[in-house]
Amino acid sequence: MTKLSVNVNKIATLRNSRGGDLPNVVQFAKDVQIFGAEGVTIHPRPDERHIRYQDAYDLKPVVHTEYNIEGNPIPKFIDLVLDIKPTQVTLVPDAEDAITSNAGWDTIKHKDFLVDVIKEFKSNGIRTSIFVDPELNQIEGAKETGTDRIELYTEVFAHQFKLGNKKGIKPYMECAGLANSLELGINAGHDLSLDNIKFFKENIIGLLEVSIGHALVSESLYLGVENVIQMYLHRLQ
């Protein structure tokens with residue numbers, strides 16, 4: 001079964017909008033694991049507009065499933081990850097002013113940089129993943145960096161699926177096939193939801209993990225967190 005990692009950034013955004021500590025990010029992370037989530041994801045950004053760097057430390061002792069920290073590997077981020085030593089680090093080429101992640105790495109252009117960063121993380125026992133667009137040459141480039149996994153950027157798929165175009169899954173299937181042949185683990189994330197996750201899972205062979213935050217939290221406003229997590233787990237079987 002594909003693992004569900006819950007991204008708790010949106011909970012931090014809601015907390016920060018009023019100050020104080022409601023909702024509590026740490027408690028939410030505890031709860032989603034009790035409800036069945038197999039991982040917790042955070043994506044701290046330099047301006048700390050949602051997840052704060054302190055949150056990353058506060059979550060460390062309570063995440064007993066898989067702890068995934070995403071972000072652009074600037075020096076401050078690298079130091080954070082090496083200090084905390086999560087289960088996995090996912091490298092995302094965010095611009096500092098990006099509202100949300102909007103592109104994968106050019107694994108060919110940035111190969112040397114990625115090789116060095118990944119080597120440092122892996123030497124510290126941290127599993128590595130690279131956020132990539134569904135392009136075959138980028139999957140091949142990812143293999144050359146030494147990463148353990150790729151995370152397929154699924155916004156295009158989600159958009160096409162919403163329009164009724166199920167053929168939008170094709171490049172993801174091709175990339176998954178190549179990744180499997182290269183012995184790269186496959187993760188996926190961005191705009192995956194209860195509406196599209198089952199179709200995506202059924203068509204991506206070897207899908208190990210999905211990271212879902214915005215949709216899951218939004219759906220939980222109507223259906224409840226525990227119920228929504230169970231719905232995702234059922235679709236990911």
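This is a predicted model: local features need pLDDT of at least 70, side-chain atom pairs count only at pLDDT 80 or more; totals for chains, interfaces and linings use all residues.
Residues are numbered from 1 along each chain as its sequence is written, and side-chain values use heavy atoms, with hydrogens and water left out.

Strand β1 (residues 3-7) is largely enclosed by the rest of the structure, because four of its five residues are buried (under 20% relative accessible area, 1.4 Å probe, protein chains only). Strands (E, at least two residues) and helices (H or I, at least four) are DSSP runs numbered from the N terminus, and two strands pair if DSSP finds at least two bridges between them.

| Strand paired with β1 | Sense | Bridges |
|---|---|---|
| β8 (residues 207-212) | parallel | four |
| β2 (residues 39-42) | parallel | three |

Within these pairings, Leu4 has Val210 of β8 as its bridge partner, while Val6 has Val40 of β2. Leaving aside residues up to four places away in sequence, Leu4 touches, among others, Ala37, Val210, Ile229 and Leu236, contact meaning heavy atoms within 4.5 Å.

In α4, the residues Phe77, Ile78, Leu80, Val81, Leu82 and Ile84 are buried, and the buried residues of this helix pack against α3 (53-59), β3 (66-71), β4 (88-91) and α5 (111-123). Just after α4, Lys85 takes a positive phi of about 55°.

How values were computed
Buried means under 20% relative accessible area, exposed over 50%, partly exposed in between (1.4 Å probe, protein chains only).
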